[in-house]
Amino acid sequence: MQNKRKGLMLVLSSPSGAGKTSICKRVLDKEKKIVMSISYTTRPKRKSEKNGFDYFFINKKKFDELKSSDYFVEYANVFDHHYGTPKDFIDKNLQNGIDVLFDIDWQGAQKLSNYSKDDMVSVFILPPNNKSLLERLKKRNEDSIKTVKKRMGKAKSEISHWIEYDYIVINEDLEQSANEVITILRAERKKRSRQKFVFDLIENLTK
Ligand code: 5GP
């Protein structure tokens, strides 16, 4: 039987340093039929990052051009840098039954929900405590002390958006958290509302 399920949008948000980027990588390694939405950003590239893999790193002029040509489904200013999610990539994959994974903040999650609420599943990742958040931010060792402090300072206001999400994962252990996200993904794929193709099967089974 052909699976005609439409793809879903799996959105992961968290305060900076709660480990969501690592969780995303694990999910992509372990699951098939899911791809990462790669955002565009004006933030300087970190040493460990690759252009076109972690982000598309662009300047403000290019960002503004893309923004005015409606290239982004959503964009936001986070920690004084611009971030935007390309639209075509999402539409193409969802139509082909491929799920799309997003590592975006609460502003982006809200806008994606306005774009296509029924296709969206959102997960908020929480750190087990403030100490671990600070340690993870410092361990990253790629941002200046000023940036680390700024991100730590913003964590509280980011956490206040937890209530807007469908699921909560407390990231005590990376492997376990990734598995929890995968469990959510697998269950959501099976939701009746996403199994529209089943109508044909039901018709055959009951005629
Ligand atoms: P970072 O600079 O640490 O990679 O990301 C900073 C924050 O921006 C993170 O919370 C990340 O999820 C968020 N972010 C990354 N890309 C996008 C995007 O395209 N849109 C929005 N709204 N947020 C993004």
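Colleague: In which loop is Arg46 found, and is Arg46 buried or exposed?

Modeller: Helices (H or I, at least four residues) and strands (E, at least two) are DSSP runs, numbered from the N terminus. Arg46 is found in the loop between strand S3 (40-41) and strand S4 (56-57). Buried means under 20% relative accessible area, exposed over 50%, and partly exposed in between, with a 1.4 Å probe and protein chains only. Because its relative accessible area is 9%, Arg46 is buried.

Colleague: What do the numbers and values rest on?

Modeller: This is a predicted model, in which local features need pLDDT of at least 70, side-chain atom pairs count only at pLDDT 80 or more, and totals for chains, interfaces and linings use all residues. Residues are numbered from 1 along each chain as its sequence is written, and side-chain values use heavy atoms, with hydrogens and water left out.

Colleague: How far apart in space are Arg46 and Tyr167?

Modeller: Along the sequence, Arg46 and Tyr167 are 121 residues apart. In space, from C-alpha to C-alpha, the distance is 30 Å.

Colleague: Which side chain does Arg43 contact?

Modeller: Arg43 is also in the loop between S3 and S4. Its relative accessibility is 6%, so Arg43 counts as buried. A polar contact is a pair of N or O atoms within 3.5 Å; within protein, one must be able to donate a hydrogen and the other to accept it, and residues adjacent in sequence count only if both atoms are side-chain atoms. At 2.8 Å, the side chain of Arg43 makes such a contact with that of Glu49.

Colleague: Which residues come nearest to the ligand?

Modeller: A residue is near a molecule or strand if one of its heavy atoms lies within 4 Å of it. There are 16 residues around the ligand, and the nearest are Arg43, Tyr55, Glu74, Tyr83 and Arg151.

Colleague: How much of the ligand's accessible area does the protein cover?

Modeller: Polar side-chain atoms lie 2.5 Å from a ligand oxygen in Tyr55 and 2.6 Å from a ligand oxygen in Arg151. For Ser39, an N or O atom of the side chain is 2.7 Å from an oxygen atom of the ligand. Accessible areas come from the Shrake-Rupley method with a 1.4 Å probe; for residues, only the protein chains shown count as cover. On its own the ligand has 520 Å² of accessible area, and the protein covers 96%.

Colleague: How many residues of the shell around the ligand are charged?

Modeller: Strand S5 (72-78) and strand S6 (81-86) each supply at least two residues of this shell. Ala, Val, Leu, Ile, Met, Phe, Trp, Tyr, Cys and Pro count as nonpolar, Asp, Glu, Lys and Arg as charged, and the others, Gly among them, as polar. The shell has 5 nonpolar residues, 4 polar ones, and the number of charged residues is 7.

Colleague: What is the phi of Phe79?

Modeller: Phe79 lies in the loop between S5 and S6. With a relative accessible area of 12%, Phe79 is buried. Although Phe79 is not a glycine, its phi is positive, at about 50 degrees.

Colleague: Which side chain does Glu31 contact?

Modeller: Glu31 is found in the loop between helix H1 (20-30) and strand S2 (34-36). Glu31 counts as buried because its relative accessibility is 8%. Its side chain makes a polar contact, at 2.8 Å, with the side chain of Arg189.
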